[in-house]
Amino acid sequence: MDDTALAWARARALGPLPLTPGVPGAPDGMVRLERDGRAWALPLPPDGATPGLLEEYQIAGVPVERSGETRRVLAACLKCCWRDLQADPWPGEPAPVEDVLSVYQHMIGRSDDMHRNWALGALRRLCDSAWLEQADGMVRLGPRVAAWTPESHHQLRDLCRRLPSPAPPAAAPLPEGAGPAGEDGDAVRPAGASAGPGVDAIAGPGVGGALMDAETGGGEARA
Amino acid sequence: MSESLGSGAPGEAEALSLDSALADESVLATYRRMFAALARDSGAVVEDPMLVDIAETLFAAFAEAGEDWLTHERMRHVCRRFPAEAFENRLRVLKALGAIREVFPKPNQLRYRASFTSVVGLMFVRRMMADGGQSEMHRLLALEDLNVADPRTTEEEARASADGLALAFRLWALELVTLAAGTIEELREQAPKLWGTEEITARAESVHATILSRWPSLDRVCTELRAAVYAYSDASRRAARRLADSAGTTRNLTLLPPETWRTFAQTASRERLAAVLDGFVFDAPAPWHDPSDIVRAVDEAPRPAPARPSPPRSDLPDPGAAAADARSDTSVLDRLTAIAEGALGGADSVPVADALRAAGDWPAARRLLADLATADLRPELPYRLRWADGLAADPGSPLSWASHGVFERSAAHG
């Protein structure tokens with residue numbers, strides 16, 4: 001059988017194909033992704049066509065289980081893993097699962113166990129479909145996020161700016177996170193963003209949480 | 001029955017003679033009697049199946065009664081489980097239409113007899129209700145087959161018979177076509193009563209063949225009949241296919257009876273069985289999360305209800321409602337105890353009238369009485385009011401009358 005056709009069929013059924021790291025090349029029409037000594041071949045249709053195109057032809061795409069919840073969890077992961085908003089989401093940084101869950105809980109305003117478990121279920125489904133990778137309590141963006149076209153990144157950038165940061169500001173990411181935070185603060189709303197990290201550091205999670213709610217509210221009004 | 005089918009177009013413009021009027025009247029009388037069981041009043045068909053039940057019960061009773069016939073009382077007795085009003089109404093209609101008649105046509109007749117035509121009509125109607133005319137068509141075709149083969153049958157009779165059958169098949173096919181274009185539920189409900197079997201088509205064709213071979217001059221009528229039969233079997237097949245298709249595509253297993261599914265599973269070829277899963281993708285691609293969908297999902301996230309600001313508080317120190325309640329409760333108890341002890345004055349019990357008189361004027365006595373009653377009603381206080389039957393009247397004093405009774409410290413509480 002034709003190798004290319006076989007590779008495409010396999011990728012359609014199983015997701016991005018794992019490749020041998022270090023050996024260049026990918027099946028026709030696929031893009032080669034590498035990160036931390038691992039490599040994938042991701043099918044990339046020409047002309048930036050994505051499965052989202054189906055909607056324009058009014059054809060139902062593949063059904064998503066609990067779509068709203070799953071996509072909100074994916075958004076929370078983006079917020080945590082996509083630190084440098086000027087770059088592409090892929091490859092992104094690893095982030096603790098707890099951070100993702102706290103962003104998600106702030107987003108929906110519920111912190112009970114049921115919603116937490118649902119979010120964990122959504123994480124698992126996203127990992128199964130290669131949108132995320134999860135190991136040792138850390139989450140990374142999966143190879144499939146590289147299929148988003150560069151033109152669509154600005155929507156996600158706006159979204160990430162609107163979303164609250166993870167609730168307890170960990171000691172390690174703060175210094176390096178101050179740079180991007182200040183940058184996007186300059187772009188969107190200088191006052192709020194410049195106050196953000198400082199207040200968090202001094203007053204702790206309670207005040208920070210209240211401030212984040214206010215920011216989320218503002219973002220929603222703007223949208 | 002073939003008559004009623006055959007007389008579809010009686011529109012002859014003959015001159016009205018007394019004879020023809022009489023013939024018309026006798027045909028009408030047959031029709032009326034035939035459908036009397038279904039008539040609500042003399043002008044319309046029943047709306048309530050109970051009315052048909054009454055008629056059926058009556059006919060059964062007539063059959064049992066034999067030559068004794070039935071009196072009005074017997075009829076009422078037989079139909080005792082139906083409401084009297086419904087029964088009387090029914091009887092009036094049946095009499096008016098001739099289904100039940102006096103035994104002898106003379107005034108003050110007490111005995112009644114039933115019309116045979118009405119009973120046959122009712123049997124026919126019941127059968128039509130059960131299977132929607134399909135078995136009736138079977139019977140009719142079998143009869144027609146015998147009729148046209150009968151050497152005594154004339155060409156005119158054969159023509160009428162072929163016309164009637166063609167008309168019936170056309171109407172039948174039309175109904176099926178309408179159903180097949182309608183909703184699938186209606187089709188499922190109605191079609192099995194209507195669509196034909198091979199047998200009906202075969203019988204119709206045999207009638208057609210007999211007529212055509214015996215009276216070749218009737219070829220025009222026979223062409224009509226043939227076309228009607230084919231139209232019917234086409235419509236029937238189309239309705240069946242529509243039902244089967246929709247049952248297949250919707251995977252609504254209730255659209256066809258379980259036997260049909262089982263037969264299909266047992267008899268279908270491997271390719272047909274495999275075709276059932278044609279639309280299924282077993283290695284479905286992973287779901288796609290479009291950036292705009294993600295943004296929309298976040299925007300549509302359920303928002304927590306915003307915390308409501310508490311109402312403004314006064315600047316004055318306020319211990320809060322709970323504290324005020326608790327304090328007032330103990331203070332009330334203290335006050336009641338003091339009043340009760342004051343009324344008792346050291347004794348264990350005191351007549352209520354004396355205690356009230358000691359209070360002085362009526363307003364004060366009234367307040368005291370209210371407090372004593374309150375103390376009595378407080379289970380945690382050891383004071384009780386015990387009333388007696390007597391009544392003391394003293395018009396001069398502020399306490400002009402008083403029930404006898406004592407206020408006492410109850411023993412239980414010491």
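Where in chain A is Asp136(A) found? In this predicted model, the residue sits in the loop between β5 (132–135) and β6 (138–141) of chain A. Asp36(A) lies in the loop between β2 (30–35) and β3 (38–43) of chain A, has a positive phi of about 50 degrees although it is not a glycine, and counts as exposed at 62% relative accessibility. Because the cut-off for exposed is over 50%, the 62% of Asp36(A) puts that residue in the exposed class.

Chain A has another backbone detail to look at. Trp90(A) and Pro91(A) are joined by a cis peptide bond, with omega at about 5 degrees. Pro91(A) belongs to the loop between α3 (67–81) and β4 (95–96) of chain A.

Turning to the interface, 33 residues from chain A and 23 residues from chain B take part in the contact. Together the two chains bury about 2,600 Å², and carbon and sulfur atoms give 64% of that area. On the chain B side, the residues that lose the most area to chain A are Trp288(B), His289(B) and Ile294(B), which together make up 28% of what that side buries. As for charges, there are 2 salt bridges between chain B and chain A. A salt bridge links the side chains of Arg71(A) and Asp293(B), at 3.8 Å from N to O. The side of chain B that touches chain A has 14 nonpolar, 2 polar and 7 charged residues. Across the interface, 7 residue pairs are in polar contact, both partners being at pLDDT 80 or more.

Then there is chain B on its own. Its secondary structure comes to 17 helices and 8 strands, and 33% of its 414 residues count as buried. Among contacts in chain B with a separation of 6 or more, 65% come from residues 24 or more positions apart. Chain B exposes about 25,800 Å², with carbon and sulfur atoms supplying 57% of it.

One residue of chain B to zoom in on is His208(B), found in helix α10 (residues 198–214). His208(B) has a relative accessible area of 10%, so it is buried, the cut-off being under 20%. Setting aside neighbours within four places in sequence, His208(B) is in contact with Cys222(B), Leu225(B) and Arg226(B). With Arg226(B), the link is a polar contact between side chains, at 3.2 Å.

How values were computed
Residues numbered from 1 in each chain as written. Chains lettered and ligands numbered in written order. Predicted model: local features only at pLDDT ≥ 70, side-chain atom pairs only at ≥ 80, totals over all residues. Heavy atoms only, no water. Contact = heavy atoms within 4.5 Å. Buried area = accessible area lost by both parts, 1.4 Å probe. Salt bridge = Lys/Arg side-chain N within 4 Å of Asp/Glu carboxyl O. Polar contact = N/O pair within 3.5 Å; in protein donor to acceptor, adjacent residues only side chain to side chain. Nonpolar A, V, L, I, M, F, W, Y, C, P; charged D, E, K, R; others polar. Helix = DSSP H or I, 4+ residues; strand = E, 2+ residues; numbered from the N terminus. Buried < 20%, exposed > 50% of the residue type's maximum accessible area, 1.4 Å probe, protein only. Areas by Shrake-Rupley, 256 points an atom, 1.4 Å probe, with all protein chains shown as cover.
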